[in-house]
Amino acid sequence: HLTMEKADEMPGAITGDVILVIAQAPHARFKRHGPHLTMEKSITLKDALCGFEFAVQHLDKRQVVVASPPGQVTQPGSWISIPGEGMPIKGNQFNKGNLFIHITVQFPKKQADIPPGALKVLADILPGSPKVEPNEDQEEHVGVACTEEEIIRQLKQGQQQSRQQGQQGQQGESSEEEGGGSPFGGGGGQQVQCQQS
């Protein structure tokens, strides 16, 4: 907020202050973190492998051209830093923070989206995983696509179930102590409950 000594004046009284409270509106592209800015950028798989170059319109309408380092493959979820393209630093308007860009790589949704013959070319060029040796004890599974939201939901559900089982275990221990201690001997130590299948 800003404070200015420009309030109402009265005879024999000290002039009050005018306090301006400034709320920062969210921006469609940038997020501010002190003097630094962050943004999201999605690039194609080709750009990730062969190099990218794109332009970003800054807050002052300038076009900031960003390019990947020569010879570098961009990993999904990686960050790049553009020095001096953030916000002015408080107390020194000539120096600015940095612009950090979070890179997302767009992969083809399915193999049918890749031109015919290109898959074989990619398989011959790109390194692959080592082959799995057959084993009598191994089990084969086909991975199922799952969203991050679904994973978080299942993890939270599992944590809730664990807490409920823990509370039930504590109640069982309390009843055992009231009945004369642990059935396995000892002075009412912590018991381990096994889930019956």
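User: Which residues touch the most other members in the largest nonpolar core?

Analyst: A nonpolar core is read as a set of buried nonpolar residues joined through side-chain atoms. In this predicted model, the largest nonpolar core has 17 residues, and Val-66, Leu-99 and Ile-101 touch the most other members. The elements that each supply two or more residues are β4 (36–44), β5 (53–57), β6 (63–67), β7 (79–82) and β10 (99–106). Of these, β10 gives the most, with 4 residues.

User: What does Val-66 touch, not counting residues up to four places away in sequence?

Analyst: With those residues set aside, Val-66 touches Phe-52, Glu-53, Phe-54, Ile-80, Ile-82 and Ile-101.

User: How are Phe-52 and Phe-54 arranged as an aromatic pair?

Analyst: Two ring values are needed: the separation of the centres and the angle between the planes, where under 30 degrees counts as stacked. The count for this model is 1 aromatic pair. In that pair, Phe-52 and Phe-54 are stacked, with 5.4 Å from centre to centre and 25° between the planes. Both Phe-52 and Phe-54 are buried.

User: Where is Thr-74, and what is it in contact with?

Analyst: Thr-74 sits in the loop between β6 and β7. Leaving aside neighbours within four places in sequence, Thr-74 is in contact with Ile-43, Ala-48, Phe-52, Ser-68, Ile-103 and Val-105.

User: What is the phi of Lys-61?

Analyst: The general idea is that most residues other than glycine have a negative phi. Phi of Lys-61 is near 75°, a positive value in a residue other than glycine.

User: Which residues make the nonpolar surface patch?

Analyst: A patch of this kind is read from nonpolar side chains that keep over 30% relative accessible area. Here Leu-119, Val-121, Leu-122, Ile-125 and Leu-126 make a nonpolar surface patch of about 430 Å². One of them, Leu-122, is in helix α2 (residues 118–125). Leu-122 has a relative accessible area of 36%, so Leu-122 is partly exposed.

User: Where does Leu-49 lie?

Analyst: Leu-49 is in helix α1 (residues 45–50). With a relative accessible area of 39%, Leu-49 is partly exposed. Leu-49 and Gly-71 are 22 residues apart along the chain, and 9.0 Å separates their C-alpha atoms.

User: How many helices and strands does the protein chain have?

Analyst: The protein chain has 3 helices and 10 strands. From the N terminus, the order is β-β-β-β-α-β-β-β-β-β-β-α-α.

Note on methods. Residues numbered from 1 in each chain as written. Predicted model: local features only at pLDDT ≥ 70, side-chain atom pairs only at ≥ 80, totals over all residues. Heavy atoms only, no water. Core = buried A, V, L, I, M, F, W, Y, C linked by side-chain atoms within 4.5 Å. Buried < 20%, exposed > 50% of the residue type's maximum accessible area, 1.4 Å probe, protein only. Contact = heavy atoms within 4.5 Å. Patch = residues over 30% accessible without salt bridge, like charges linked within 9 Å, V, L, I, M, F, W, Y side chains within 5 Å. Areas by Shrake-Rupley, 256 points an atom, 1.4 Å probe, with all protein chains shown as cover. Salt bridge = Lys/Arg side-chain N within 4 Å of Asp/Glu carboxyl O. Phe/Tyr/Trp six-rings, centres within 6.5 Å; stacked < 30°, edge-to-face > 60°.
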